[in-house]
Amino acid sequence: MSTRTFRITVRGAFDALTDTQRAALLADAAEHDVLRAAFTPEGTLTYDIAARPAFVFRFSATGEKEEDILEATERAEESAKSWLTARGYGFKHLRTTAEDLSQAPLGKRQRRAARTTGL
């Protein structure tokens, strides 16, 4: 069996932030800019609290079977909730999506490389 790579995205919105919490998020905003976004095992948080209260966590995970994506998705969502709760941030409207990269369609360059290498 080959290893599958999963990309998991947890989206939501901060809820009922205090002025102190908002100030803390603004102070750390550069560390959580969308230009620093990456899918990592630990998760990467991005937000622009000055524009809107939305946030996105990006996680990567691996598994052996197609069904492993369900467990990886649950772990990612729990990790996001734990991060927010540990810091006292309220949240709402959590939506989690996951993609198995082994099932993703090939891009133009990948198709060209596959043709030239005979894959």
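Guide: Helices (H or I, at least four residues) and strands (E, at least two) are runs assigned by DSSP and numbered from the N terminus. Arg109 is found in one of them, helix α3 (residues 108-117). This is a predicted model, in which local features need pLDDT of at least 70 and side-chain atom pairs count only at pLDDT 80 or more, while totals for chains, interfaces and linings use all residues. Residues are numbered from 1 along each chain as its sequence is written, and side-chain values use heavy atoms, with hydrogens and water left out.

Visitor: Why does Arg109 count as exposed?

Guide: Buried means under 20% relative accessible area, exposed over 50%, and partly exposed in between (1.4 Å probe, protein chains only). Arg109 has 73% relative accessibility, so Arg109 counts as exposed.

Visitor: Why does Pro53 count as partly exposed?

Guide: The value for Pro53 is 38%, so Pro53 is partly exposed. Pro53 lies in the loop between β2 (44-47) and β3.

Visitor: What makes Arg4 and Asp100 a salt bridge?

Guide: A salt bridge is a side-chain nitrogen of Lys or Arg within 4 Å of a carboxyl oxygen of Asp or Glu. For Arg4 and Asp100 the N to O distance is 2.6 Å. The pair links distant parts of the chain, with Arg4 in strand β1 and Asp100 in strand β4, 96 residues apart. By this rule the count comes to five salt bridges.

Visitor: Why does Arg4 count as buried?

Guide: Arg4 has 18% relative accessibility, so Arg4 counts as buried. Asp100, at 8%, therefore counts as buried too.

Visitor: How do you know that Asp15 forms a salt bridge with Lys92?

Guide: Their closest N and O atoms are 3.8 Å apart. Asp15 lies in strand β1 and Lys92 in strand β4, so the pair ties together parts that are 77 residues apart in sequence. Asp15 has a relative accessible area of 32%, so Asp15 is partly exposed. Lys92, at 36%, therefore counts as partly exposed.

Visitor: How do you know that β1 and strand β4 pair?

Guide: Two strands pair if DSSP finds at least two bridges between them. β1 and strand β4 (residues 90-100) have nine, in the antiparallel sense. Asp15 stands opposite Gly90 in β4. Strand β1 (residues 4-15) also pairs with strand β3 (residues 54-63) in the antiparallel sense, over 10 bridges. There, the bridge partner of Thr9 is Arg58 in β3.

Visitor: What makes Glu78 and Lys81 a salt bridge?

Guide: The closest N and O atoms of Glu78 and Lys81 are 3.7 Å apart. Both residues lie in helix α2 (residues 68-86), three residues apart, about one turn of the helix. Glu77, Glu78 and Lys81 are linked in a network of salt bridges.
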